[in-house]
Amino acid sequence: MADELKTPLLDELEKGPWPSFVTDIKSMAETKEMPRDLLRQLEKSYEDKRGYWKHGGLVGVMGYGGGVIGRYSALPEEFPGVSHFHTVRVNQPSGWFYTSDAMREIIDIWDAHGSGLYNMHGSTGDMVLLGTRTEELEPTFQALTEKGWDLGGSGSDLRTPSNCVGPARCENACYDTMEMAYQLTHNYQDELHRPMFNYKFKIKMSGCPNDCTASIARSDMAVIGIWKDDIKVDKEEFAKYIDDGFNVKEFVVEKCPTQCISVEGKEISIDNSNCVKCMHCINRMPKALSVGDEKGFAINIGAKAPIVEGALFAQSIIPFMQIKDGDYAGLYDLIERIWEFWDEHGMARERIGEFIERVSLATFLEGVGLEPLPTMVKAPRDNPYIFYEEYFADEDAGEGEE
Amino acid sequence: MGDISVDQLAEDCYAIVAENAGQKKVKAGDLQKAMAAKYGDQIGRADVKAAIKQLMDSGRTVYGYFGGSSIELPHKEAAENQ
Ligand code: SF4
Ligand code: SF4
């Protein structure tokens, strides 16, 4: 091996109680040039207070427009091991369930074709294999596909759909998140691998309003499980919470955002018509309270992180929908109407949330053929001088507004 | 689809990409719009998608990325190292 690895600044990151990525990479730097030069280049970046990566622009595997993020060192002579350092995104299994054999498959492939370094998982959900050379991309892809793996999304395409574990492990699940992620991934292979949108489009699925995938803040389309009927109450279990001294008043009744819970002795009653499904009471008393029986999901659109414009939260567009007998046609139809309208009228690098902000929610709803609903109201109107009924009456009579 | 074959659409799309090479990043949506303008109802979105797929699978065009994804002729990237 070449000179001794000297990284005094990075070494600082190994101090303290937390696991350190520096320690992890060092453990591989003994045997591989790529992790070794990665540390050396990073040390230089810390010394000089500047980055030394160049975005690769155009690398990938034949026929796919996503799944590989190209990156080159700006100092290839000094750090030849990271002259090429492309990232490969691998589509994760639904709910991030792996067997140990599956993990070994991935690790062996990456040891053979890349740096051996990987992240589990990237923010979109994929397994992220860090660092390989251009000539290793096709062999990596071939080795992955031979074992039944595929690349995930990147660029202006459908990003790898991701979901919470849902009914696989969680009693709160109001729909089968695992199945939906699987179906969407298979149905939209073209959109996932062949960038055709104005910009990226992320779909995340959470089985209930706890939203463990943070879909409401981090996906262009958040599919969040919800129920329509009443919260189910197990009276005996509720009484046990009281007997055990659990302070229902302080921890549940007073924390209900709509104040729709009342407790008399060992009896609880919930005004379900005022429940906003925040999950708080269910989370605090999971043995006594549970989601209702009439389950489905709500669709919220337009969240994004604050990169170009400010951060956006998703906006409700479908308050309740169900998949019946495994028929996804209604959901596919909605998604495709949304894509088509955004595609037609959106601008380059404009996320769907930004697009809706620009054209207005009313235009968007009309464009995709949805009726406006009270659940779509973000805030009460604050202009007291507009009277809608009169406005429409005047319009009908052919009179202009003053 | 009417009389316009996927091969024909692929040729038309290729011509647009080649014409704009080095000047303007052509996106899949640009090709959809151009083909819709040229052929109207004779073709659908799926036909243009199939044409792009054909160009990509044959290696005549490649996907590029610079802020957004584009369809380009194969070329050497400025950032590329040996
Ligand atoms: S989002 Fe809800 S259903 Fe999914 S894992 Fe979290 S609590 Fe369970
Ligand atoms: S889910 Fe939330 S809003 Fe509904 S009853 Fe429980 S605490 Fe109140």
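Tutor: A:His121 lies in the loop between β5 (117–120) and β6 (127–130) of chain A, where helices (H or I, at least four residues) and strands (E, at least two) are DSSP runs numbered from the N terminus. The peptide bond that leads from A:Met120 into A:His121 is cis, with omega near 0°. This is a predicted model, in which local features need pLDDT of at least 70 and side-chain atom pairs count only at pLDDT 80 or more, while totals for chains, interfaces and linings use all residues. Residues are numbered from 1 along each chain as its sequence is written, chains are lettered from A and ligands numbered from 1 in the order in which they are written, and side-chain values use heavy atoms, with hydrogens and water left out.

A:Met279, although not a glycine, has a positive phi of about 80°; its place is in the loop between β12 (267–270) and α11 (280–284) of chain A. A:Arg349, also not a glycine, has a positive phi of about 60° and is found between α12 (329–345) and α13 (352–359) of chain A. A:Met279 is buried, at 2% relative accessible area, whereas A:Arg349 is partly exposed, at 38%; buried means under 20%, exposed over 50% and partly exposed in between, with a 1.4 Å probe and protein chains only.

The next topic is empty space. Rolling a probe the size of a water molecule over the atoms shows where such space is left. On a 1 Å grid over the protein atoms alone, a cavity is a set of points where a 1.4 Å probe fits but cannot get out, a pocket is an open set with protein on both sides within 12 Å along at least five of seven lines, and lining residues have an atom within 4 Å of a point. Grid points are joined across faces, edges and corners, and a volume is the space filled by probe spheres set on the points.

The second largest pocket has a volume of about 640 Å³. Its lining comprises 18 residues, and A:Ile226, A:Val276, A:Ala298, A:Ser316 and A:Thr375 lie nearest its centre. Strand β15(A) supplies the largest share of this lining, four residues. Domain 2 (162–227 + 294–376) and domain 3 (232–290) of chain A each contribute at least three residues to the lining, the bounds coming from an automatic or database domain assignment. Its classes are eleven nonpolar, four polar and three charged residues; Ala, Val, Leu, Ile, Met, Phe, Trp, Tyr, Cys and Pro count as nonpolar, Asp, Glu, Lys and Arg as charged, and the others, Gly among them, as polar.

The whole structure holds two cavities of 30 Å³ or more.

Helix α3 (residues 45–58) of chain B gives the most, three residues. By class, this lining has five nonpolar, no polar and four charged residues.
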